[in-house]
Amino acid sequence: MNPRDPVAVTIRGTRSAVVVSAVGRIDMTTERPWRELVEDACAENTVKRFVVLDLCQVTYLSVGAAPIIVRAHYHCLHRGKLLRVAAPIGPALHTMHVTGVRDLVAVYPTLNAALEPAVRSPW
């Protein structure tokens, strides 16, 4: 992917979550499609418990994305959902640490970990 290309963003549903996946750079010039799908996922009228932002393949996350994640977190809470972020060690996690977003939202090292239920039952 060319660094000047727009970020590639997809949205899909799982049994318990709406997943918004991004590949490439999320910065001021490329964030719009990502932001729109994040907003759509949070506003979706569904019984799914989680909205998961998959940032595992993000090569750059600008500090300008932090308010989008914070708004998504509160929008999800207002609708009875939980926001989770999948971000391994790398640029996305670094930005989340620097901006303090990491202290507000639940961050998981992989997408599979973010999709796991909060509590495992022996049943």
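Select D27 and R25: the two form a salt bridge, their closest N and O atoms being 3.3 Å apart. A salt bridge here is a side-chain nitrogen of Lys or Arg within 4 Å of a carboxyl oxygen of Asp or Glu. D27 counts as buried, at 12% relative accessibility, whereas R25 is partly exposed at 27%. Buried means under 20% relative accessible area, exposed over 50%, and partly exposed in between, with a 1.4 Å probe and protein chains only. The model is predicted: local features need pLDDT of at least 70, side-chain atom pairs count only at pLDDT 80 or more, and totals for chains, interfaces and linings use all residues. Residues are numbered from 1 along each chain as its sequence is written, and side-chain values use heavy atoms, with hydrogens and water left out.

Next, select R32 and E36, whose side chains meet in a salt bridge (2.9 Å, N to O). Both lie in helix α1, four residues apart, about one turn of the helix. Helices (H or I, at least four residues) and strands (E, at least two) are DSSP runs, numbered from the N terminus. R32 is exposed, with a relative accessible area of 54%, and E36 is partly exposed at 32%.

E31, R35 and E39 are linked in a network of salt bridges. The count of salt bridges comes to four.

Now move to K81, in the loop between α2 and β4.

Finally, select W34 and L55. Of the 30 residues in the largest nonpolar core, these two touch the most other members. Such a core is a set of buried Ala, Val, Leu, Ile, Met, Phe, Trp, Tyr and Cys residues joined through side-chain atoms within 4.5 Å. Among the elements giving two or more residues to this core are β2 (17-26), α1 (31-43) and β3 (50-61). A second, separate core of seven residues includes V52, A86, L111 and A114.
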